[in-house]
Amino acid sequence: MSELLREIEGRRAKRALGDRKIPSEVAGRIMTAATYAPSCFNNQPWRFLVVVADEDLQKIHAALPDANYWVKKAPMVVVVATKPDLDSQLSDRRDYALFDCGLATANLVLQAFKEGLLAHPIAGFDPFKVKENFRIPDEFIVITLVAVGYPGDDTLLNAKHKQLEHGPRVRKPEADVICYDAWEFSASG
Ligand SMILES: Cc1cc2nc3c(=O)[nH]c(=O)nc-3n(C[C@H](O)[C@H](O)[C@H](O)COP(=O)(O)O)c2cc1C
């Protein structure tokens with residue numbers, strides 16, 4: 001298997017994070033990787049708020065639902081935000097700001113994995129609270145928070161998460177999501 005595919009396949013959205021601090025040069029490389037992502041017209045619509053100070057991590061914790069209790073262990077959380085007008089808005093609903101933030105987040109996650117860290121994006125948070133706590137202008141969309149940390153103790157996870165941590169990777173069959181040369185998917189997807 002090619003080296004890169006092995007890395008991509010090896011990454012998992014694990015939840016057993018340790019609270020060991022991340023050296024600033026490692027955090028710096030992870031964030032640099034995010035900024036090397038491609039973007040429409042090179043608009044680079046992503047804005048990252050890297051949260052590492054304990055008192056600021058508390059502001060993240062206040063925005064988490066119980067289900068994402070495990071994020072509280074993370075020594076670093078990256079707030080990924082953008083606005084539609086920071087990127088191209090083209091015909092047929094092609095708003096590229098969120099798309100390009102996704103590409104940047106993928107780079108971030110893969111570089112973190114390469115550095116021996118776990119990086120797990122989440123949608124389960126209160127975006128209004130994040131914006132309020134960090135004084136992020138309302139025009140921005142906080143599309144994800146990425147919890148980053150070294151692998152930690154999975155005995156602190158609930159039973160469901162413990163099982164997922166070691167379970168098989170779940171993916172749709174490729175034939176359900178990839179077709180070649182002719183469109184094979186129905187209008188419902
Ligand atoms: C945009 C996004 C939002 C997610 N939100 C959460 C979340 O709120 N809580 C959680 O535990 N996992 C969350 N995940 C992790 C996914 O559940 C996980 O990536 C998926 O089950 C596939 O597992 P894998 O990444 O290990 O292959 C999220 C992932 C993405 C990309």
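Leu 110 is partly exposed, with a relative accessible area of 29%. The scale behind that word is simple: buried means under 20% relative accessible area, exposed means over 50%, and partly exposed lies in between (1.4 Å probe, protein chains only). Leu 110 sits in helix 4. Helices here are DSSP runs of H or I with at least four residues, strands are runs of E with at least two, and both are numbered from the N terminus. Beyond its neighbours within four places in sequence, Leu 110 is in contact with Glu 7, Ile 8 and Arg 11. Contact means heavy atoms within 4.5 Å. Ala 33 is 77 residues away from Leu 110 along the chain, yet their C-alpha atoms are separated by 8.6 Å.

This is a predicted model, in which local features need pLDDT of at least 70 and side-chain atom pairs count only at pLDDT 80 or more, while totals for chains, interfaces and linings use all residues. Residues are numbered from 1 along each chain as its sequence is written, and side-chain values use heavy atoms, with hydrogens and water left out.

Two strands count as paired if DSSP finds at least two bridges between them. Strands of a sheet pair through backbone hydrogen bonds, either parallel or antiparallel.

Walk across the sheet from strand 1. Strand 1 and strand 2 run antiparallel and are joined by 5 bridges. Here Val 51 has Val 77 in strand 2 as its bridge partner. Strand 2 then pairs with strand 6 over 7 bridges, again in the antiparallel sense. Pro 121 has Val 146 in strand 6 as its bridge partner.

How many residues of strand 2 are buried? The count is 7 of the 7 residues, so strand 2 is largely enclosed by the rest of the structure. In a regular strand the side chains alternate between the two faces of the sheet. Both faces of strand 2 are covered. Met 76, Val 78, Val 80 and Thr 82 are buried on one side, and Val 77, Val 79 and Ala 81 are buried on the other.

Thr 105 lies in helix 4 and counts as buried, at 9% relative accessibility. Leaving aside neighbours within four places in sequence, Thr 105 is in contact with Val 80, Pro 121, Thr 144 and Val 146. A polar atom of the Thr 105 side chain also lies 2.7 Å from the backbone oxygen of Cys 101.

Ser 39 belongs to the loop between helix 2 (24–35) and strand 1. Is Ser 39 buried or exposed? Ser 39 is buried, with a relative accessible area of 15%. A polar atom of its side chain lies 3.1 Å from the backbone nitrogen of Asn 43.

Of the 13 residues around the ligand, Ala 13, Arg 15, Asn 68, His 120 and Arg 171 come nearest. A residue is near if one of its heavy atoms lies within 4 Å. An N or O atom in the side chain of Arg 12 is 3.0 Å from an oxygen atom of the ligand. A backbone N or O atom of Ala 123 lies 2.9 Å from a ligand nitrogen. The protein covers 60% of the 620 Å² of accessible area that the ligand has on its own. Accessible areas come from the Shrake-Rupley method with a 1.4 Å probe; for residues, only the protein chains shown count as cover.

Conventions: A polar contact is a pair of N or O atoms within 3.5 Å; within protein, one must be able to donate a hydrogen and the other to accept it, and residues adjacent in sequence count only if both atoms are side-chain atoms.
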